[in-house]
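Trainee: I have a new model open and would like to go through it. Where do we start?

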Amino acid sequence: MREFGLDLPDYPWDTMAPYRATAEAHPEGLINLSIGTPVDPTPSVIRDALAGATDAHGYPTTHGTLTLRQAIVDWFERRRGVPGLTTDQVMPTIGSKELVAWLPFLLGLGEGDVVVRPTVAYPTYDIGAQLAGATPVAADSLDELDEATRARVRLVWINSPANPTGIVRDVEELKKIVEDARALGAVVASDECYAELGWGEWDAARGGKPVPSVLDPRVCGESQELVLAAYSLSKQSNFAGYRGAFIAGDAEIMANLVNSRKHAGMIVPAPVQVAMTAALSDDAHVEAQKDLYRARRETLLPALEGFGLTVEHSEAGLYLWATAGEDTWVTVQRFAEKGIVIGPGVFYGTAGEGYVRIALTGSDDDISRAAARLTE
């Protein structure tokens, strides 16, 4: 009798159990800097909005309320340099991970189609391709592909700023990816959920440049044809538990996505839509949260270097991507013996071998204690 269920790889984080056990045995306790889950309180402006929307007796709209969609449009213009979007071109999603996982399927991709994702990347890009029956291919440029593979490309994922590497693609890099994909008739989907967390030259609050969006006219021109941008409020607004995100771009594709999601019941709850509107309409809490992460980064970075790691890229986002020039699991074990759990680079593809990902999503106390342990 045929078995039921999907044939997907085991969830990678389950393999961390023995390293977590080692870290838990540390006399001063475990510090978890592996998974990038927010640890700071959700801002009161968001919680108050949610509390005021609990009388949600009617079904919410899949496309999102007009008020929310207008807030998304306004946010794209104000914070991302993307003018001219209409409320028909945006839609809320139930977090960004479900969108990443289901977008290839919702785009109608299947056997024979290729989904391109970065060489070091969040594993869900591959899972999404597999769920649709398509083939995931790792490449940072379409120029890396042979002609037979290029001819089958239907979706190109960009992740800028990237998880786990923190790489930021500038306007010219993004523009080339869009032009190359359009020439193939492929959709470009840009996962931009760390865009407010640029550092150094990408730290607008410290005199740097804003991280560019794929929907910026300098990138895609005056048309959003074949281009989509995904964004999550989890990072900038400590919104992870609410599961609030959104997608914007090509009007024709968006209409089809809305219709498909209506049939599938993929709907953001009404109170969460109200909370999203509040979050998108208030920039002050985003800037305050970024200040916290900046300070944690400035504490942790020199401690990692003192522990023998070289931090590469990491110019944006909630992680430091580093190598000690040794096997990934050796580094993970050395941190575990210090009572610190970190992320193995091999979870993000074969190109991540030898690397580790250290999250900035610890409390101020956790980050300070981790830095102290690393410099003992």
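Mentor: Start with a pair of strands: β3 and strand β5 (residues 153-159) run parallel and pair over three bridges. Two strands count as paired if DSSP finds at least two bridges between them. Helices (H or I, at least four residues) and strands (E, at least two) are DSSP runs, numbered from the N terminus.

Trainee: What kind of model is this?

Mentor: This is a predicted model, where local features need pLDDT of at least 70, side-chain atom pairs count only at pLDDT 80 or more, and totals for chains, interfaces and linings use all residues. Residues are numbered from 1 along each chain as its sequence is written, and side-chain values use heavy atoms, with hydrogens and water left out.

Trainee: Back to β5. What does Val115 stand opposite there?

Mentor: Leu155.

Trainee: And which way do the β3 residues point?

Mentor: Val114 and Val116 point one way from β3 (residues 114-117), Val115 and Arg117 the other, and all are buried. Buried means under 20% relative accessible area, exposed over 50%, partly exposed in between (1.4 Å probe, protein chains only).

Trainee: How many bridges join β3 and β4?

Mentor: Four, in the parallel sense, with β4 covering residues 135-138. Ala138 in β4 is the bridge partner of Arg117.

Trainee: What do β3, helix α5 and β4 make?

Mentor: A right-handed β-α-β unit, with α5 at residues 124-132. Right-handed means that, with the strands pointing away from the viewer, the path from the first strand over the helix to the second runs clockwise.

Trainee: How many of the α5 residues are buried?

Mentor: Seven of nine, so the helix is mostly covered. Among the buried ones are Tyr125, Ile127 and Ala132. What covers them includes α4 (97-106), β3, β4, β5 and β6 (187-191). Contact here means heavy atoms within 4.5 Å.

Trainee: New topic. Which residues touch the most other members of the largest nonpolar core?

Mentor: Phe76, Val214, Leu215, Phe239 and Phe246, out of 49 residues. The largest share, six residues, comes from α3. Such a core is a set of buried Ala, Val, Leu, Ile, Met, Phe, Trp, Tyr and Cys residues joined through side-chain atoms within 4.5 Å.

Trainee: Last one: where is Ala370 found?

Mentor: In helix α14 (residues 364-374). Ala370 is buried, with a relative accessible area of 0%. Not counting residues up to four places away in sequence, Ala370 touches Ile31, Leu33, Leu300 and Ile340.
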